[in-house]
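User: Please take me through the labels used for this model, and tell me what each one rests on.

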Amino acid sequence: MATATVAATAPLSNGFLLRRGPNEGAKSARSLQRTKNQRQSASSRRFGAAVITAKFDLKPPPYPLNALEPHMSANTLSFHWGKHHRAYVDNLNKQIVGTELEAKSLEDIVIQTYNDGDLLPPFNNAAQIWNHDFFWESMKPGGGGKPSGELLKLIERDFGSFEKLCEELRAAAATQFGSGWAWLAFNPRPSDGKELLVVKSPNAVNPLVLGYIPLLTIDVWEVREL
């Protein structure tokens, strides 16, 4: 059984970004549903009622649930990961069973169902799984503090200082209306010479579908809960 996992430091390809006309989103949604109905119908004829089998597993955080205290309590992490993150995994598995998405990686599902901004039904669950996998990897016990090496040089060049970067990240998280995310991202095609930027995104949207490479994230839900 495959596991929905994306390493926090893994390079993300922008080559899958789709460019579609104004009616392609509706066509894609209908195509997904037709494929799903056809495969479930065939399965029902052969085996009786279609059986939902999980494709993605709930990936646990890379540390014990109490490891981030006192910054994040074990109760908060258990609730966020064990209930919300789990629900995204369970719902995605139900949405993609019997469709062409069933054979794809989580990253491919996120990009394809983003559909150039014309979201298809599985997008929210797929992207929230990806975002939360990345979020847990963005933290560690005893973490924090100023980075070093090439990353620090880029931060100081593009933001002026590490402290200025922190201010921009806090402001992005605080001003994201409703649920969403604040990200430190790398721009592989900078137009103004800056390769690092702070991005805020609503709901499940992430830098992956915007053409950027995420380096760090803050879940706005957590900012308001803590």
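Analyst: Helices (H or I, at least four residues) and strands (E, at least two) are DSSP runs, numbered from the N terminus. The model is predicted, and local features need pLDDT of at least 70, side-chain atom pairs count only at pLDDT 80 or more, and totals for chains, interfaces and linings use all residues. Residues are numbered from 1 along each chain as its sequence is written, and side-chain values use heavy atoms, with hydrogens and water left out.

User: How many helices and strands does the protein have, and in what order do the elements run?

Analyst: There are eight helices and three strands. Starting at the N terminus, the order is α-α-α-α-α-α-β-β-α-β-α.

User: Where is N203, and what makes its phi worth noting?

Analyst: N203 sits in the loop that runs between strand 2 and helix 7 (207-210). Its phi is near 50 degrees, which is positive although the residue is not a glycine.

User: Why is N203 called partly exposed?

Analyst: Buried means under 20% relative accessible area, exposed over 50%, and partly exposed in between (1.4 Å probe, protein chains only). N203 has a relative accessible area of 43%, so it is partly exposed.

User: Where does N115 lie, and is it buried or exposed?

Analyst: N115 is in the loop between helix 3 (106-114) and helix 4 (123-137). With a relative accessible area of 3%, N115 therefore counts as buried. N115 also has a positive phi, near 55 degrees, and is not a glycine.

User: What makes helix 5 and helix 6 roughly perpendicular?

Analyst: Helix 5 (residues 149-159) and helix 6 (residues 162-175) pack at an angle of about 70 degrees, with axes 8 Å apart. Axes are lines fitted to C-alpha atoms, for helices over the stretch in contact, and angles run from 0 to 180 degrees between N-to-C directions. Angles under 35 degrees count as roughly parallel, over 145 as roughly antiparallel, 65 to 115 as roughly perpendicular and the rest as oblique. The pair is therefore roughly perpendicular.

User: Which residues make that contact, and how do they divide by class?

Analyst: Helix 5 contributes L152, I155 and F159, while helix 6 contributes F162, K164, L165 and E168. Contact means heavy atoms within 4.5 Å. Five of the contact residues are nonpolar, none is polar and two are charged. For the classes, Ala, Val, Leu, Ile, Met, Phe, Trp, Tyr, Cys and Pro count as nonpolar, Asp, Glu, Lys and Arg as charged, and the others, Gly among them, as polar.

User: How do you know which side of helix 5 is buried?

Analyst: The buried residues of helix 5 are L152, L154, I155, D158 and F159. They cover an arc of only 160 degrees around the axis, so they lie on the same side of helix 5. The arc is that of the directions from the helix axis to the C-beta atoms. E150 and K153, on the other side of helix 5, are exposed. The buried residues of helix 5 pack against helix 6, strand 1 (180-186) and strand 2. Just after helix 5 comes G160, with a positive phi of about 100 degrees.

User: Which residues of helix 6 are buried, and how do you know where they face?

Analyst: F162, L165, C166, L169, A172 and A173 are buried in helix 6. Their arc around the axis is only 130 degrees, which means that they share the same side of helix 6. The face of helix 6 turned away from that buried side carries R170 and A174, both exposed.

User: Why is V198 not called buried, and what does it touch?

Analyst: V198, in strand 2 (residues 196-202), has a relative accessible area of 21%, so it counts as partly exposed. Leaving out residues up to four places away in sequence, V198 touches F159, L165, E168, L169, A172 and W183. V198 and C166 are 32 residues apart along the chain, with their C-alpha atoms separated by 9.8 Å.
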